[in-house]
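I opened this notebook to record what I looked up in the structure. The entries go from the overall fold to one pair of packed elements.

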Amino acid sequence: MLSLKKVLLICTVLLITKTSFAEQPVFVKEFLGQVDFVKGRLMQLAEAMPEDKFSWTPGEGVRSVGEVYVHAAEANYYMLSLAKGEKPEMNSSESKSDKKSVMAMMEKSFEVVKEAAGNFTEEDLNKEIEAFGMKFSVRNFMVTMIAHLHEHLGQSIAYARMNGVAPPWSMKEE
């Protein structure tokens, strides 16, 4: 027969294990899936664009190809800090826009988002934050983050097609 000490020890281990391996909220899993999807598409498209097209812009005062990718990466950091309830650090230094630097910047920004968001709890998702003069739940703001990334994915697709580059995932397999 198990002693009381052994039963308490087993219960404690089970409780700690359950607490430390608590499952991610479903919303977080879905968010991370969307982040992976958009990251994959943006990275594939950036890779397909010739480096000399990274400075191409459709018009004066409009972001270039490279600047759109830099903007998406910088926005990942900015919006994540807002979602975490932190004051965003606005770095005024110039961002490099050569293809290799841009690709590395995007890769890193998505990894930072995935790591931080992957740790959000249901309680975190329900917290209220203020951003862009509005109040959001963190959950709702994360939807805004994904919408922003999809917006710039669409912009990047248009830029690519205007430069004769088809999105790699849209090409027919032969």
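**Entry 1: Overall make-up**

I began with the secondary structure and found six helices and two strands in the protein. The model I am reading is a predicted one. Reading from the N terminus, I noted the order of elements as α-α-α-α-α-β-β-α.

**Entry 2: Burial, surface and contacts**

I looked up burial next: 35% of the 174 residues of the protein count as buried.

**Entry 3: Helices α2 and α6**

Two packed helices are described by the angle between their axes and the distance between the axes. Helix α2 covers residues 26-48 and helix α6 covers residues 138-162. I noted a packing angle of about 15° between them, with the axes 10 Å apart. Angles under 35 degrees count as roughly parallel, and α2 and α6 are therefore roughly parallel to each other. The crossing of α2 with α6 is left-handed.

**Entry 4: Residues in the α2 and α6 contact**

Which residues of α2 meet α6? I listed F27, F31, Q34, V35, F37, V38, R41, L42 and L45 on the α2 side. On the α6 side, the residues include R139, M142, M145, L149, H152 and I157. Sorted by class, the contact of α2 with α6 has 15 nonpolar, four polar and two charged residues.

Key. Residues numbered from 1 in each chain as written. Predicted model: local features only at pLDDT ≥ 70, side-chain atom pairs only at ≥ 80, totals over all residues. Heavy atoms only, no water. Helix = DSSP H or I, 4+ residues; strand = E, 2+ residues; numbered from the N terminus. Buried < 20%, exposed > 50% of the residue type's maximum accessible area, 1.4 Å probe, protein only. Axes fitted to C-alpha atoms, helices over the stretch in contact; angles between N-to-C directions. Parallel < 35°, antiparallel > 145°, perpendicular 65-115°, else oblique. Left-handed = near helix turned anticlockwise from the far one by under 90°. Contact = heavy atoms within 4.5 Å. Nonpolar A, V, L, I, M, F, W, Y, C, P; charged D, E, K, R; others polar.
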